[in-house]
Amino acid sequence: MADCIFCKIIDKEIPSEVVFEDDQVLVIKDINPLAPVHLLLITKKHIASLEEVLPVDEGLMGHILMLAQKLAREFGVAELGYRVVTNIGEEGGQAVQHLHFHVLGGKPLGVNIA
Ligand code: 5GP
Ligand code: ZN
């Protein structure tokens with residue numbers, strides 16, 4: 001997608017702090033972290049949001065959630081707890097229209113973060 005900031009980050013046209021990459025997912029640090037650990041797990045396939053996910057993407061969704069679990073453990077937030085969030089649409093607070101999951105942790109998160 002030509003005007004998608006996350007597609008540009010995936011293509012390395014825009015720099016980011018990459019913490020993990022495979023053929024399906026790019027994981028970067030959020031540029032405006034809301035917690036000590038704030039990762040963005042971005043599908044390499046341009047999908048606008050969870051609303052646009054298709055049955056063919058079922059394996060990708062499983063992969064990305066297992067990756068969230070793995071990275072939360074590696075970043076040391078699994079023991080005390082963390083949050084995995086995907087915002088969807090206008091009232092869901094979605095700013096970037098390319099599917100991504102936030103992994104937040106490292107402090108008590110309360111009920112309104114992300
Ligand atoms: P959303 O509201 O769409 O779920 O969240 C988008 C997230 O992407 C925000 O937390 C925002 O800080 C992050 N973000 C937006 N632009 C960039 C960028 O260019 N680089 C990085 N690393 N994060 C970004
Ligand atoms: Zn995109």
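Modeller: Two residues are in contact if their C-beta atoms, placed from the backbone, lie within 7 Å. This is a predicted model, in which local features need pLDDT of at least 70 and side-chain atom pairs count only at pLDDT 80 or more, while totals for chains, interfaces and linings use all residues. Residues are numbered from 1 along each chain as its sequence is written, and chains are lettered from A and ligands numbered from 1 in the order in which they are written.

Biologist: Which residues does Val84 touch, not counting residues up to four places away in sequence?

Modeller: Val84 touches Ala68, Phe101 and Val103. With the same exclusion, Ala68 touches Leu41, Val84, Phe101 and Val103.

Biologist: Why is Val84 called partly exposed?

Modeller: A residue is buried if 20 or more other C-beta atoms lie within 10 Å of its own, exposed if 12 or fewer, and partly exposed in between. Val84 is partly exposed because 18 other C-beta atoms lie within 10 Å.

Biologist: Where is the place of Val84?

Modeller: Strands (E, at least two residues) and helices (H or I, at least four) are DSSP runs, numbered from the N terminus. Val84 belongs to strand 4.

Biologist: In what order do the strands of the open sheet lie?

Modeller: Two strands pair if DSSP finds at least two bridges between them. The five strands of this open sheet follow the order 1-2-3-5-4, with antiparallel pairing. Strand 1 (18–21) and strand 4 (82–85) are the edge strands, each pairing on one side only.

Biologist: How many bridges join strand 4 to strand 5?

Modeller: Four bridges join these antiparallel strands, and Arg83 stands opposite Leu104 in strand 5. Strand 3 (residues 37–43) is joined to strand 5 (residues 100–105) by six bridges; there, Leu39 has Val103 as its bridge partner, and Leu40 stands opposite His102.

Biologist: Which way do the residues of strand 5 point?

Modeller: In a regular strand the side chains alternate between the two faces of the sheet. Here His100, His102 and Leu104 point one way, and Phe101, Val103 and Gly105 the other way; all are buried.

Biologist: Which residues have the most contacts inside the largest nonpolar core?

Modeller: A nonpolar core is a set of buried Ala, Val, Leu, Ile, Met, Phe, Trp, Tyr and Cys residues joined through C-beta atoms within 7 Å. The largest has 22 residues, and those with the most contacts inside it include Leu39, Ala68 and Val103. Strand 3 gives the largest share of this core, five residues.
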